[in-house]
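Subject: Structure handover

Hi,

Here is the structure you asked for. Please open it alongside this note.

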Amino acid sequence: MSTQQESMQPFVFVIFGATGDLAKRKLFPAIYSLYRDGHLTTDFAVIGVGRTKMDNTQFRVSVKESINEFSRLSLREGEEWDRFAARFDYITLDIKDADAYASLLSAVEAREREMNLPGNRMFYLAIAPQLFGQVADSLKQSGLTNTVGWKRLVVEKPFGHDYTSAKELNEEIKRSFTEEEIYRIDHYLGKEMVQNIQVIRFANSMFEPLWNNRHIDNIQITASETVGVEDRASYYDDAGALLDMVQNHMLQMVMMVCMEPPSRLKTEAIRDEKVKVMRALRRYSEEEVDTYVVRGQYTEGKSKGSSLVGYREEPNVNPASTTETFVAARLFIDNFRWAEVPIYIRTGKRMPEKVTEIVIQFKELPKRLYFNKNNDLIPNLLIFRINPNEGITLLLNAKKQGADSQVVPIGMEYCNDCEDTSPEAYESLLHDAILGDSTFFTRWDEVSLAWKFIDPIRRAWDREPHSLTEYEAGTWGPAESHELLRREGKRWWTGGDDGERETFKAVEQPKYRKGETR
């Protein structure tokens with residue numbers, strides 16, 4: 001059956017953890033935006049599952065409140081809202097009680113009879129990962145997966161806490177769902193500019209011939225946050241930046257940048273090329289970790305005039321915690337295209353700016369013609385701006401206006417969200433899951449290879465907690481992060497040693513808006 005035909009089929013969407021933070025902040029607003037934008041079939045039902053006792057009316061009020069607070073689209077009152085809200089039901093359920101799923105089955109079947117739905121069912125597990133296998137088993141035992149339509153299971157990260165636990169979890173889930181029916185969500189893959197990497201590279205002849213070790217000097221990927229752990233301390237103090245960001249989001253961006261051209265624009269062809277990147281990613285032994293990977297934890301500091309407490313002083317954090325809030329690493333893809341090209345990744349909390357961007361630094365020309373004290377020459381850079389601003393910037397060197405021989409850097413920029421608000425990542429991914437398109441979801445072999453890369457790093461740090469470095473809140477991370485590049489004669493473009501953002505400092509950046517040609 002074609003994707004377009006599947007997109008027209010009605011379905012029931014069951015959300016486990018419907019009273020939780022993820023459902024309120026992301027899922028309900030995403031469903032509403034898809035509905036408003038005409039990207040949902042007219043016949044669908046949502047059944048929320050949670051431990052909190054409430055009736056359908058109370059649940060619909062909570063859905064409305066979440067949309068009012070978090071949706072990118074303003075809520076429309078009146079008949080349109082009433083029609084939308086009428087699709088939402090709620091079941092109070094202890095998900096650990098297998099016998100209780102009979103009531104959920106009754107609710108799903110009642111909706112299907114009422115709306116004449118064909119039995120298509122999507123289950124979203126917005127719950128603790130250790131419960132995934134148990135819920136999947138209960139869905140099968142209760143008969144909820146025994147349907148004449150399609151069935152799909154969407155699960156959140158983290159998928160395990162190491163390779164062994166991830167493998168066990170995967171085997172548990174596959175007792176009830178096939179690999180093709182499992183959608184492991186990584187919301188970075190739903191971001192507009194992450195998905196745009198393939199298009200910019202494979203649809204433009206000026207880039208693809210240069211996308212190799214003969215022309216690219218290094219690649220830098222930064223994902224920085226200004227916030228601390230906020231209300232996630234119980235999870236974060238156990239996971240840390242390595243598991244929270246590097247194992248999934250950062251490595252996914254590495255795959256998107258470094259993959260080979262797929263044989264065709266089909267799901268498995270694209271995912272096959274991503275997996276090849278992970279197979280070629282150089283794995284470090286526990287003894288090599290300190291050479292290639294830096295970890296840090298923020299101490300008290302200041303940001304924009306406000307004092308910030310250190311990580312160990314945050315509420316619900318262990319005062320003796322050695323959990324890393326910052327990770328930087330130098331990676332290598334050991335294949336023909338990327339041999340000896342360093343890929344620098346960096347992620348951290350309590351940094352000066354919230355920014356996610358990928359910098360492609362091209363090799364410099366021979367220093368013969370314009371390299372002199374009067375010229376501010378820097379390498380050509382191609383930057384994918386992913387968050388909070390979306391767009392692409394190409395940095396070139398050009399003659400300064402009105403000068404005879406002075407060369408200055410200029411930035412040519414495309415802005416992806418200057419006029420229109422881009423869909424949220426969860427909108428894109430939910431829509432894909434409903435269509436049955438798993439291209440931007442992670443396949444098991446991607447997950448397993450990522451854990452095999454991460455596990456030795458985690459073991460090394462657990463064995464040697466003294467390897468943890470410190471950085472002041474409100475700075476761009478520990479000095480060791482800058483030294484990681486400096487010893488190779490390079491520097492971070494997104495944040496310099498002095499704590500200031502250096503990318504395109506004093507560079508004119510004309511804005512290219514959607515639909516404009518300059």
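Below are the findings, region by region.

**Ground rules**

This is a predicted model, in which local features need pLDDT of at least 70, side-chain atom pairs count only at pLDDT 80 or more, and totals for chains, interfaces and linings use all residues. Residues are numbered from 1 along each chain as its sequence is written, and side-chain values use heavy atoms, with hydrogens and water left out.

**Confidence**

Residues 1–6 fall below 50. That stretch makes 6 contacts in the model beyond near neighbours in sequence (contact means heavy atoms within 4.5 Å). Residues 498–518 also stay under 50. Here the model has 58 contacts beyond four places in sequence. Where pLDDT is low, the predicted coordinates should not be read in detail.

**Annotated domain**

The unreviewed UniProt entry annotates residues 14–196 as "domain: Glucose-6-phosphate dehydrogenase NAD-binding". UniProt positions are given in the numbering used here, feature names are shortened, and annotations may be inferred rather than shown by experiment. The span is 44% helix and 15% strand. Helices (H or I, at least four residues) and strands (E, at least two) are DSSP runs, numbered from the N terminus. The end C-alpha atoms of the span lie 31 Å apart.

Start with H249, in helix α9 (residues 233–258). Is H249 buried or exposed? H249 has a relative accessible area of 1%, so it is buried. The cut-offs: buried is under 20% relative accessible area, exposed is over 50%, and partly exposed is in between (1.4 Å probe, protein chains only). Leaving out residues up to four places away in sequence, H249 touches K157, D186, H187, Y188 and D244.

Y188 sits in the loop between β6 (182–184) and α8 (192–202). Y188 counts as buried because its relative accessibility is 9%. Beyond its neighbours within four places in sequence, Y188 contacts V194, A223, M245, H249, M253 and T356. Y188 and S438 are 250 residues apart in sequence, and their C-alpha atoms are 14 Å apart in space.

**Cavities**

How many cavities of 30 Å³ or more does a search of the whole structure find? The search finds 2. The search used a 1 Å grid over the protein atoms alone: a cavity is a set of points where a 1.4 Å probe fits but cannot get out, a pocket is an open set with protein on both sides within 12 Å along at least five of seven lines, and lining residues have an atom within 4 Å of a point. Grid points are joined across faces, edges and corners, and a volume is the space filled by probe spheres set on the points.

The largest cavity holds about 160 Å³ of space. Its lining has 17 residues, with D186, Q247, N248, T442 and V447 nearest the centre. Helix α9 gives the most, 5 residues. By class, this lining has 8 nonpolar, 4 polar and 5 charged residues. Ala, Val, Leu, Ile, Met, Phe, Trp, Tyr, Cys and Pro count as nonpolar, Asp, Glu, Lys and Arg as charged, and the others, Gly among them, as polar.

The second largest cavity has a volume of about 40 Å³. Among the residues lining it are Y236, D244, M245 and K349. Its largest share, 4 residues, again comes from α9.

**A pocket**

The second largest pocket has about 500 Å³ of space. Of its 21 lining residues, K363, E364, L365, N380 and N397 lie nearest its centre. Strand β15 (residues 391–399) supplies the largest share, 3 residues. The lining is made up of 15 nonpolar, 3 polar and 3 charged residues.

**Backbone points**

- The K157 to P158 peptide bond is cis, with omega near 0 degrees. P158 is in the loop between β5 (151–155) and α7 (163–173).
- N387 and P388 are also joined by a cis peptide bond, with omega about 0 degrees.
- N116 is not a glycine, yet has a positive phi of about 55 degrees. N116 is exposed, at 69% relative accessible area.
- K304, not a glycine, has a positive phi of about 55 degrees. K304 is exposed, at 81%.

Best wishes

Note on methods
pLDDT = per-residue confidence, 0-100.
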